[in-house]
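Look at the interface first, then at the rings.

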Amino acid sequence: MPTTDDIRDRLIANAGIELASIADVSACCETLAGHARAMTGADQVAVRARAGSMSCSVGDLPEQAGDDWHAFHVAAPVGDDETATPRRWSVQLHVHAPSVGDWRMTCDLLARQGGVGLERVLERCELAQAERRQVALVEAGKALSSERTLDGVLRRIVEQAMALTDARYGALGVLEDDGAELARFVTVGVDEETHARIGELPRGRGILGVLIEDPRPLRLDRLQDHPRSAGFPAHHPPMTTFLGVPIVTSGAVAGRIYLTEKAGGVPFTAEDERLAQVLASQAAIAIDNASLNERLQQVAAALEEASRHKSAFMANMSHELRSPLNTIIGYTRLLQEDARNLDEEQLEDLEIVRGSGEHLLALITDLLDLQKVEAGRVSLVLGDEHLGELLDAVVASVRPTVPEDVELVLEADELGDDTITCDRTRIRQVLLNVLGNALKFTSSGEVRIVARDAGAYVKLSVHDTGPGIPEADQPRIFETFYQSTQALGRRPGPREGAGLGLAITKLLVELHGGTVALQSTEGVGTTVTIRLPRGGPTQGHDQQ
Amino acid sequence: MTTKIALVDDDDAARRMMRRVLQRMGHEVVEAADGASGVELVQREQPDVLLLDLRMPGELSGFDVARELRADPATAQVPIVVVSASTHLEAKELVEQVGCDAFVEKPVDFDELERVLVELLGDDDGA
């Protein structure tokens with residue numbers, strides 16, 4: 001036979017199991033009251049339970065302990081750092097019975113089991129809150145990258161702050177650069193109609209003014225009681241509890257997050273403040289990014305403007321220079337044609353005038369071309385071209401200028417009938433440039449063009465048996481106006497370059513997604529190698 | 001039959017040079033130094049070809065001249081050759097917009113000019 005004590009212990013154990021799995025505070029009250037009633041046979045039972053900010057009661061609590069009322073109080077132990085704050089949870093069990101029997105101990109144990117249940121409830125709440133916090137922080141992080149506008153990002157951050165702290169209203173103010181006034185103010189929770197009725201942005205007086213002047217977090221149980229409270233404008237929804245945290249960007253206060261009206265009419269907690277600060281740091285990143293972005297855009301716009309000016313300037317300058325050149329070159333030619341009384345030397349003089357005019361003209365054309373490519377104003381007109389045919393045509397056009405002791409050789413059989421995607425005019429210009437250079441510096445020997453199939457690329461090499469370029473000059477050979485010392489001191493002939501040809505060549509080949517390289521040995525010769533992607537610019541970039 | 005060529009260019013030296021080149025080729029040359037007198041010149045003289053500069057000071061640029069001539073049935077058929085120091089691409093685009101017949105770049109290559117004129121007039125002129 002089990003003893004009464006055994007039965008009591010078993011019942012309490014069962015109640016304990018039940019209480020340990022309760023979902024919330026009200027379930028705790030109901031369960032506790034039910035077991036107390038069943039185990040004591042009391043005619044009245046009242047329970048009051050509180051866990052964190054949640055509380056509930058069942059039955060009518062006695063106004064004061066009378067003869068027949070017996071109270072059992074249990075509360076969570078006070079932790080080291082919680083001396084000033086309320087205990088985590090508390091349970092009051094009131095039993096109305098004519099006399100206290102041996103169920104006194106039962107009630108005491110039941111109340112304790114209720115405490116255990118409340119502890120579990122709190123733990124589960126904290127776990128859920130930690131999860132929510134995690135989600136909110138991830139969401140805030142996503143907002144940073146997904147929202148396009150700064151206002152959009154800030155709004156999402158405020159929403160997350162409200163969700164985390166159970167605030168009904170939220171706002172975010174960003175200060176002007178001087179830190180004295182609000183530049184933007186995002187609000188959440190106030191509907192548009194109310195918003196319109198309130199009117200303009202807060203001017204940063206009252207509590208908002210305090211926050212502007214003093215960057216510390218501010219928590220208020222009653223907003224209205226603060227000495228600086230200036231009251232609300234007309235139509236503003238009533239707000240009582242308040243939490244404000246600073247948004248600190250690179251050491252300075254850039255703004256604030258404001259949260260008001262925590263659910264349940266309770267004040268914001270230290271934990272709320274901590275969470276709001278984490279979100280404020282996300283807002284700080286967004287604001288920093290936005291202002292950085294804005295500055296970048298300004299710089300880009302200024303550069304674009306400068307580039308446009310430069311292009312217009314170059315076009316005008318080219319026009320202005322070409323007009324007098326028109327008459328210089330033209331009249332020289334007229335003189336040369338009419339010159340019956342001029343001697344050999346005078347004719348040579350005229351040829352030099354014309355040659356220099358042509359040289360100047362080539363320079364102006366190259367400069368304008370280079371500037372256009374550099375400014376990104378050259379768009380390639382792409383087509384499928386037979387590179388072999390193009391090479392034939394280029395070779396044919398330079399053949400008349402090949403010096404007597406130089407042999408010009410083209411090896412392009414490997415290309416077959418294959419086509420490559422390129423801008424015919426520009427590739428022709430590139431080939432003329434490279435070939436022209438080779439011929440210009442080679443007085444005897446050969447200039448050999450070799451075209452090879454290199455998979456996705458076509459490799460074009462131009463070898464010459466010229467003087468070569470000193471190793472020291474090679475790294476700078478593709479720079480504008482750079483000419484190897486080998487090139488200096490030569491008398492300029494007609495259509496002679498000014499050190500722009502290779503720079504233009506490089507830019508044009510790169511525009512096609514290709515590369516140019518130069519190899520040279522002094523006294524042996526020079527090889528310029530051009531690699532062009534068969535598929536045109538896009539394919540070339542993909543493979544890099 | 002002589003070919004009559006109208007020359008409209010504000011640059012006196014360039015105009016004088018072109019006149020000599022064209023006369024040497026055997027053409028008759030009539031001239032104007034600005035857009036407005038250029039339009040009048042073409043209306044009055046009904047030339048076989050107009051050589052037209054693009055950038056000219058005054059109320060009418062080369063483009064305006066070309067547009068006016070094209071809009072007037074009496075002059076719409078006169079072939080127009082734009083002779084300009086403007087960059088090739090820029091000028092070429094505009095030439096197409098206005099509907100001119102050819103473009104010769106300044107500095108003028110006389111051989112090219114002759115080729116263009118032969119193409120427009122046939123090669124039996126001035127012979």
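Between chain A and chain B, 10 residue pairs are in polar contact, both at pLDDT 80 or more. A polar contact is a pair of N or O atoms within 3.5 Å; within protein, one must be able to donate a hydrogen and the other to accept it, and residues adjacent in sequence count only if both atoms are side-chain atoms. From α7(A) come 16 residues, the largest share of the side of chain A that touches chain B.

This is a predicted model: local features need pLDDT of at least 70, side-chain atom pairs count only at pLDDT 80 or more, and totals for chains, interfaces and linings use all residues. Residues are numbered from 1 along each chain as its sequence is written, chains are lettered from A and ligands numbered from 1 in the order in which they are written, and side-chain values use heavy atoms, without hydrogens and water.

Five salt bridges join chain A and chain B. Each is a side-chain nitrogen of Lys or Arg within 4 Å of a carboxyl oxygen of Asp or Glu. One of them pairs A:D338 with B:R20 at 3.2 Å, N to O.

Now the rings. There are two aromatic pairs over all chains. Ring centres must lie within 6.5 Å; planes under 30 degrees apart are stacked, over 60 edge-to-face, the rest tilted.

| Pair | Centre to centre | Angle between planes | Class |
|---|---|---|---|
| A:F185 and A:Y258 | 5.8 Å | 50 degrees | tilted |
| A:F242 and A:Y258 | 6.4 Å | 45 degrees | tilted |

These pairs link A:F185, A:F242 and A:Y258 into a cluster. A:F242 and A:Y258 are both buried, meaning under 20% relative accessible area (1.4 Å probe, protein chains only).

Key
Phe/Tyr/Trp six-rings, centres within 6.5 Å; stacked < 30°, edge-to-face > 60°. Buried < 20%, exposed > 50% of the residue type's maximum accessible area, 1.4 Å probe, protein only. Helix = DSSP H or I, 4+ residues; strand = E, 2+ residues; numbered from the N terminus.
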